[in-house]
Amino acid sequence: MPTIIKALQSQVGRKLMTGITGIALMLFLVVHLAGNYAIFASAEAFNIYTRTLENLGILLYIAEAGLLFFVLYHSYLGISIWLGKRKARSSGYEVYKSRGGASRQNLASRSMILSGITILVFLVVHIWSFKFGETEMIMSADGEPMRDLRQLVIDSFTTWYIALGYIVVLSLIMLHLFHGAWSAFTSLGVTNKNNTHAFKLGAHVFAIVLMLGFIFIPVYIFVTGGTGSLIAY
């Protein structure tokens, strides 16, 4: 066991675990986005979806604890790698270069630590706002009480500064994924000189499509005042 722990704490081990936790979090984002689009289904669909999750009981708590672990561990790894690189610098500035050719550094890669910390803070605010936010209790068609989280989402995104805040942070997540999605597969040894361009392009497309999917929700609700034709009443 100590050998495994020591291996994971090495530079290679940390990069490997950063890739594994990063891919797990990307899969969560895909599932989370699919669930969010229930708000455009029937008037009850989103609340039934969230009630179903809450009714999982201890399984939900286990899943949330696992997600929290992945988020915090991924954040710890990212910060420790960044601090390690910072410590290794021999001067107060760095000339960006890479072995074997032109530098692969870009805005996304250079801002990973900033976007990562911003996302971490955003997650705390997001969870507090929607998981613990005050909502009315309503009755479903089958006579079961449930929280009206759907209305909470609509009320939140019709408030300009909340909608704008989400759009800004979601854009930062897209920037984070620009580099992170490709870097995750690189850390796992999946990429090589023959497929690097394809994986990088795929990472960019994935980040754009995923984040536009998320951004569409607050933009649509704000622009339509929460009464657009896609939102059933």
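## Exercises on rings, a patch and the fold

**Exercise 1.** State over the face of which residue Lys200 lies, and at what distance from the ring centre.

*Solution.* Step 1: apply the criterion, by which NZ of Lys or CZ of Arg must be within 6 Å of the ring centre and within 35 degrees of the ring normal.

The model is predicted, so local features need pLDDT of at least 70 and side-chain atom pairs count only at pLDDT 80 or more, while totals for chains, interfaces and linings use all residues. Residues are numbered from 1 along each chain as its sequence is written, and side-chain values use heavy atoms, with hydrogens and water left out.

**Exercise 2.** Determine how many helices and strands the protein has, and in what order they run.

*Solution.* Step 1: take helices (H or I, at least four residues) and strands (E, at least two) as DSSP runs, numbered from the N terminus. Step 2: the count is nine helices and two strands. Step 3: from the N terminus on, the order is α-α-α-α-α-α-β-β-α-α-α.

**Exercise 3.** Classify the ring pair of Phe130 and Tyr166, and locate both residues.

*Solution.* Step 1: rings of Phe, Tyr and Trp (its six-membered ring) pair if their centres lie within 6.5 Å; planes under 30 degrees apart are stacked, over 60 edge-to-face, and the rest tilted. Step 2: this rule gives 15 aromatic pairs. Step 3: the centres of Phe130 and Tyr166 are 6.1 Å apart and the planes stand at 75°, so this pair is edge-to-face. Step 4: Phe130 belongs to helix α6 (residues 112–131) and Tyr166 to helix α8, so that the pair links distant parts of the chain, 36 residues apart. Step 5: both Phe130 and Tyr166 are buried, where buried means under 20% relative accessible area, exposed over 50%, and partly exposed in between (1.4 Å probe, protein chains only). Step 6: ring pairs also link Tyr37, Phe40, Phe216 and Tyr220 into a cluster.

**Exercise 4.** Decide whether Val219 counts as buried, partly exposed or exposed, and name the helix that holds this residue.

*Solution.* Step 1: Val219 has its place in helix α9. Step 2: Val219 counts as partly exposed because its relative accessibility is 32%.
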